[in-house]
Amino acid sequence: MRESILPPIFGEYQNQVKFVVQRTDDEYSSTCPSCGDMGHNWDNQRDFPDRCRWFLKGNPCGWCRICNNLFWPGKKEGARISRSQIQEWRVELERKQEQAIQKSLKSLKILNDQHPWVLWHQQMTAEQASYWSEEGIPRDWQNYWLLGYLAEKMVMHNGQSYRVPAYTIPNQALYSEGHRNGVLNIHYRLVGDIDIGRYRYEKGLRQNIFYTRPDWTPGERPVAIFEGAKKAMVVRARTNNDRLDIISIPSKTPPASLLEEISKTYRHGVYWCLDPDAYDNSREFASKCEHGRAVRLLYKADDWIVKHGITGGQLVDIIKKGELIT
Ligand SMILES: [Zn+2]
């Protein structure tokens, strides 16, 4: 995806927005002139905000689905649009949004019907399994999370396609009535030496909370939140503390909707354990949670355990001492 500029008809908004991307022939996205929306988006084009959309078709307008503001040509100069026209636009835009959600649910259903991650798990060789072990995740936990390996994952980078090996992490959905309930997404941890980023997600699907214990009801226990599924898995696998839930978010700058979901769900101690370089983010996110705490880590959690030899129990003790923010 390449950065672009807004079509000339929306020129008056050009210097109020960033990260303009052309999505289709007649649709653009960018940050929002009103609320910002600097957060990362949910459709896998990770570096580009996508909540504010600019439509060229019909009556050209921009619409932010976070703050629900509309932007039309001439608005700043006082061009007036009738209330009923504005209402019509909103209804139409919400309908479009609903279509996009339905489309993503359909992709999710297809993915779950095919359940490719099961095969990738079963076909793992001893060598591939030992990769996971060396990364800090023992065999029994590899089986529990159905971790796998895919020899050729097709990925796009700067408009070019590559085929690279990837370790696969199914983002398990919460159990329902004691049974596994499929996945919400798949995380692909790319290996090899091409510099095209470390992770990819299933295209068209929302990035979600990664639950290390999808069989637990979220919110019943205090929770520690890490950056990336692998860290959360390593910590979970190395501590037998059943009174602490461990989850992860995709990056240190998660979408606002994910933060909101966390603050609504977890209310009995929320320990933000993002990487050492993201301590300020931990503090900021903790301030939005009930009983929010920010934990200062010396190393990335997985490195601390695997390379620097701290035990899971010691790490949990450090987490528990996290600074109370709220
Ligand atoms: Zn907005």
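Strands, cores and domains

Guide: Strands E6 and E7 (residues 160-172) pair in the antiparallel sense over 8 bridges, where pairing requires that DSSP finds at least two bridges between two strands. Within this pair, Lys 153 has Val 164 in E7 as its bridge partner.
Visitor: Before we go on, what sort of model is this, and how are residues numbered?
Guide: This is a predicted model, in which local features need pLDDT of at least 70 and side-chain atom pairs count only at pLDDT 80 or more, while totals for chains, interfaces and linings use all residues. Residues are numbered from 1 along each chain as its sequence is written.
Visitor: Which sheet do E6 and E7 sit in?
Guide: They belong to an open sheet of 4 strands in the order E6-E7-E8-E9, with antiparallel pairing. Strand E6 (148-157) and strand E9 (199-201) are at the edges with a single partner strand each, so one side of each is left without a neighbour in the sheet. From one strand to the next the twist averages 40°, the angles running from 0 to 180 degrees between N-to-C directions of axes that are lines fitted to C-alpha atoms, for helices over the stretch in contact.
Visitor: How many helices and strands are there?
Guide: The protein has 9 helices and 15 strands, these being DSSP runs numbered from the N terminus (helices H or I, at least four residues; strands E, at least two).
Visitor: And which domains are assigned?
Guide: The assignment gives domain 1 (8-111), domain 2 (115-208) and domain 3 (209-326), with bounds that come from an automatic or database domain assignment. The centres of domain 1 and domain 3, taken over C-alpha atoms, are separated by 33 Å.
Visitor: What about the largest nonpolar core?
Guide: It has 51 residues, and those with the most contacts inside it are Ile 225, Val 270, Tyr 271, Trp 272, Cys 273 and Ala 301. Such a core is a set of buried Ala, Val, Leu, Ile, Met, Phe, Trp, Tyr and Cys residues joined through C-beta atoms within 7 Å. Helix H5 (residues 229-238) gives the most to this core, with 6 residues.
Visitor: Which strands make up the 6-strand sheet?
Guide: The order in that open sheet is E10-E12-E11-E13-E14-E15, with mixed pairing, and the edge strands, strand E10 (210-211) and strand E15 (323-324), each pair on one side only. Strand E11 (residues 223-227) runs parallel to strand E12 (residues 245-249), joined by 5 bridges, and Ala 224 stands opposite Ile 246 in E12.
Visitor: Anything on E1 and E2?
Guide: E1 and E2 form a hairpin with 2 residues between them, and Val 21 stands opposite Ser 29 in E2. Ser 29 also stands opposite Arg 53 in E3.

Note on methods. Buried ≥ 20, exposed ≤ 12 C-beta atoms within 10 Å, placed from the backbone.
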